[in-house]
Amino acid sequence: MTTNEPRIDPSRNEGTAAALRTQFDERFAAAAASMSERLEGLLAIRVGADPYALRLSEIVGLHADVKIVPVPSPVAQLLGIVGLRGMMAPVYDLAALLGYPPAASPRWMVLAGASQSVGLAFDAFEAHLQVSEASVANGEGEGAGGGASRQHMRGTVRAAGALRPIIHMASVVELIRGNKS
């Protein structure tokens, strides 16, 4: 044996191997725990300059650049009607419904309402989010906006670089249908 060969201490390697085994096992256990965690799907949007979120479970679809046909109406928030998949739906300006100035020409629209769909148009779609249900702070009236928009918020989530109030679609649809003022 030459003096240039490294000396191996068997007791030291056993400790290192055991530590590596433990780390390996812990990583797999952590991955399994995160896989069993329930996730909630959200859309990150902007109304005016403010960030918001919409629950995927509360909408029927997301559409961009749809042709909205204007119709005469005394309701200022009604932008018109849209034809999608063989059905017609009224489209309202989400910004105006939440107390913001009306949007100039909203590019995006979601369909809300299970039995009778209603379109809600807004300025900007930012991202589809998958967040853990634990990261959603549930509560009524939480959020950035004040006044009219607050009554339509149900919880908040910190996602896509901002604290986002979650718009409660059923509340907005009730407002449109005249059940709430």
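Student: Why is Asp 65 called exposed?

Tutor: The cut-offs settle it: exposed means over 50% relative accessible area, buried under 20%, and partly exposed in between, with a 1.4 Å probe and protein chains only. Asp 65 has 52% relative accessibility, so Asp 65 counts as exposed. Keep in mind that this is a predicted model, where local features need pLDDT of at least 70, side-chain atom pairs count only at pLDDT 80 or more, and totals for chains, interfaces and linings use all residues. Residues are numbered from 1 along each chain as its sequence is written, and side-chain values use heavy atoms, with hydrogens and water left out.

Student: What makes the backbone of Asp 65 worth a look?

Tutor: Its phi is positive, about 55°, although Asp 65 is not a glycine. Most residues other than glycine have a negative phi. Asp 65 sits in the loop between strand 3 (59-64) and strand 4 (78-84); strands here are DSSP runs of E with at least two residues, helices are runs of H or I with at least four, and both are numbered from the N terminus.

Student: How do you know that Arg 85 is exposed, and where is Arg 85 found?

Tutor: Arg 85 reaches 68% relative accessibility, so Arg 85 counts as exposed. Arg 85 lies in the loop between strand 4 and strand 5 (87-93). Arg 85 also has a positive phi, about 50°, without being a glycine.

Student: What lies 3.0 Å from a polar atom of the Asp 93 side chain?

Tutor: The backbone nitrogen of Ala 95 does. Beyond its neighbours within four places in sequence, Asp 93 is in contact (heavy atoms within 4.5 Å) with Gln 77, Leu 79, Pro 102, Ala 103 and Ala 121.

Student: What makes strand 6 largely enclosed?

Tutor: Five of its five residues are buried, so the rest of the structure largely encloses strand 6. Trp 108, Val 110 and Ala 112 point one way, Met 109 and Leu 111 the other.

Student: Why do we say that strand 6 pairs with strand 3?

Tutor: Pairing requires that DSSP finds at least two bridges between two strands. Strand 3 and strand 6 have five, in the antiparallel sense, and Ala 64 stands opposite Trp 108. Strand 6 is also joined to antiparallel strand 7 by five bridges, with Leu 111 partnered by Gly 119.

Student: What makes a set of residues a nonpolar core?

Tutor: Its members are buried Ala, Val, Leu, Ile, Met, Phe, Trp, Tyr and Cys residues joined through side-chain atoms within 4.5 Å. The largest such core has 26 residues, and those with the most contacts inside it include Ile 45, Val 110 and Met 169. Elements giving two or more residues include strand 1 (39-47), strand 6 (108-112) and helix 3 (169-176). Helix 3 gives the most, with five residues.

Student: Why is helix 3 called mostly covered?

Tutor: Six of its eight residues are buried, among them Val 172 and Leu 175.

Conventions
Polar contact = N/O pair within 3.5 Å; in protein donor to acceptor, adjacent residues only side chain to side chain.
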